[in-house]
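Some labels attached to a structure deserve a check against their cut-offs.

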Amino acid sequence: MTLPLGLAENSIQLVPDGTLILHVLIILVMVYVLNATLFKPINKILAARDQRTRGRLSEAREILKNVSEQLAGYERQLRLARSEAYAFSESERGAAMQERQNKLNEMRAHLAESIAQQKEAIQKQAGEARGTLEVESRRLAREIGARVLSRPISGAEMN
């Protein structure tokens, strides 16, 4: 006798019997076999890959750390070299400025000496010119006076 599905709920009963132990044993054996043949090798491969990745990652971190240290050292040396170059440049500039100032002072002293010599020469020439002009003016005055008066004029009459 077959009953329709709606009426079958009363006829199906799940009662644990000996097959349940067999099913549990089959599942345990299957878990053991899958563990031994599939899961453990895959887990070993994944662990090795993870170890290589971590190893390479730590190696990359170490390389980055070394590069950072070397870059910091390079920048430190560069700053030191620049400061030395600036100090050298500043000392050279100071020495050049001192030399320039010394040359200017020397040139000023030379010019002052030259100007004093030229003034002295001009004063000497002016004195000579005055003397010459005085003698010449007296001579011309005597000559003009002699022509105007139509007689010779002596030196005593001129004063």
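Q: Why does Arg 138 count as partly exposed?
A: The model is a predicted one. Arg 138 has 37% relative accessibility.

Q: What makes the contact of Arg 138 with Glu 134 a salt bridge?
A: The closest N and O atoms of Arg 138 and Glu 134 are 3.8 Å apart. The cut-off is within 4 Å, so the pair counts as a salt bridge. Both residues lie in helix α1, 4 residues apart, about one turn of the helix. Salt bridges that share partners also join Glu 136, Arg 139, Glu 143 and Arg 147 into one network.

Q: Why is Lys 103 called exposed, and why is Glu 99 called partly exposed?
A: Lys 103 has 53% relative accessibility, and exposed means over 50%, so Lys 103 is exposed. Glu 99 has a relative accessible area of 46%, which lies between the 20% and 50% limits, so Glu 99 is partly exposed.

Q: How do you know that the side chains of Glu 99 and Lys 103 meet in a salt bridge?
A: The N to O distance is 3.6 Å. That is within 4 Å, so the pair qualifies. Glu 99 and Lys 103 are 4 residues apart in helix α1, about one helical turn.

Q: What makes Leu 46 partly exposed?
A: Its relative accessible area is 42%, between the 20% and 50% limits, so Leu 46 is partly exposed. Leu 46 is found in helix α1 (residues 18-149).

Terms used
Residues are numbered from 1 along each chain as its sequence is written. This is a predicted model: local features need pLDDT of at least 70, side-chain atom pairs count only at pLDDT 80 or more; totals for chains, interfaces and linings use all residues. Side-chain values use heavy atoms; hydrogens and water are left out. Helices (H or I, at least four residues) and strands (E, at least two) are DSSP runs, numbered from the N terminus. Buried means under 20% relative accessible area, exposed over 50%, partly exposed in between (1.4 Å probe, protein chains only).
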